[in-house]
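Me: Could you walk me through this structure in a friendly way, one question at a time?

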Amino acid sequence: MDVVLETSGLTKRYGRTEALRGCDLSLAGGKVTGLVGPNGAGKTTLLNIAVGLHRPSSGRIRVLGLDPSRDAVALLARVGFVAQDPLHQGFTVAETLEIGRRLNPRWDHAYALARVKHFALPLDRPVRSLSTGQRAQLALTLALGKRPDVLLLDEPVANLDPVARLELLEELMGVVAENGPSVILSSNVLADVERVCEYVVILVDGRVRISGDADQLVRSHVVVSGPRRSAGEPVDDGEVIEVRHAERQTTRLLRGHAAASQDGTEVRQATLEEIVVGYLRSEREEVSK
């Protein structure tokens, strides 16, 4: 399957701050990929570089085989991008769609109008008067109306209530299932990532900590819980990602395999949320040492 986004040694500096630090990544098309990580991990910076809003300080990035800095016109015709606050508040819904029609050579106006009608967005209403959920759907319509090959979403449901968030994610999954674009989205809501993402990238401190198919990540990690007295004992076969101690119990996140034992040690498959949180906490603890 074709690679839709690839980076090598990608670095972005803002003064003395490195938002990305030698980021290496290769994302295949035809999937919904989730970028997860703490605030400041580099998720938004990566997406902004991918659409040419920022230039890298060093390293290489290609989106659909194109350089966002040199091939911006050709690339933007094929990429839909929804930033965290992408709409002009003073424009009406109709004016927003008209801008999309004029600026995008592959614009599907009939499709955009059908989406607006489906979500009951009044054409004569200014963006500022729409609800948060309506603005999110309009932003998504503007991106999908381009009929893009890849859709980049930066925290697309961050400000939505639980019902609106679920509706938007389910609708997005339906769009992708109908031979739609490859999707790369950033999110801090792990339940949403677990619900819709087939591939997961964990970004920490500007670097890729681990990435892989969501199902494979779950299959390759286990949670080992046992008596506190065995805290220093080795585990069976794998890499210990995180160790947490309670008064009488020690819990490990292990990348690999382990077996239960007679001392009360229990082993179960980790959830995707436990894996993501485990890697984030382990990296934070390593930095604080």
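Me: In which sense do strand E8 and E9 pair, and over how many bridges?
Reply: This is a predicted model, where local features need pLDDT of at least 70, side-chain atom pairs count only at pLDDT 80 or more, and totals for chains, interfaces and linings use all residues. Residues are numbered from 1 along each chain as its sequence is written, and side-chain values use heavy atoms, leaving out hydrogens and water. Strands here are DSSP runs (E, at least two residues), as helices are (H or I, at least four), numbered from the N terminus, and two strands pair if DSSP finds at least two bridges between them. Strand E8 covers residues 199-204, and its pairing with E9 is antiparallel over six bridges.

Me: Which residue in E9 stands opposite Ile202?
Reply: In general, strands of a sheet pair through backbone hydrogen bonds, either parallel or antiparallel. Opposite Ile202, the residue in E9 is Ile210.

Me: Which strands are at the edges of the six-stranded open sheet?
Reply: The order in this sheet is E5-E6-E7-E3-E8-E9, with mixed pairing. An edge strand pairs on one side only, and here that describes strand E5 (79-82) and strand E9 (207-213).

Me: At about what angle to E6 does helix H1 run?
Reply: Helix H1 (residues 43-50) lies across strand E3 (32-36), E5, strand E6 (150-154), strand E7 (182-186) and E8. Axes are lines fitted to C-alpha atoms, for helices over the stretch in contact (heavy atoms within 4.5 Å). Angles run from 0 to 180 degrees between N-to-C directions, and the one between H1 and E6 is about 145°.

Me: How are H5 and H6 oriented to each other?
Reply: Their axes are 11 Å apart and the packing angle is about 15°. Contacts come from Ala136, Gln137, Leu140 and Leu144 of H5, and from Leu168, Glu171, Leu172 and Val175 of H6. Angles under 35 degrees count as roughly parallel, over 145 as roughly antiparallel, 65 to 115 as roughly perpendicular and the rest as oblique. H5 and H6 are therefore roughly parallel.

Me: Which strands stand at the edges of the four-stranded open sheet?
Reply: This antiparallel sheet has the order E11-E12-E10-E13. Each edge strand has a single partner, so one side of it is left without a neighbour in the sheet; these are strand E11 (237-245) and strand E13 (266-269).

Me: How many helices and strands does the protein chain have?
Reply: Of the 289 residues in the protein chain, 46% are buried. Its secondary structure comes to nine helices and 13 strands.

Terms used. Buried means under 20% relative accessible area, exposed over 50%, partly exposed in between (1.4 Å probe, protein chains only).
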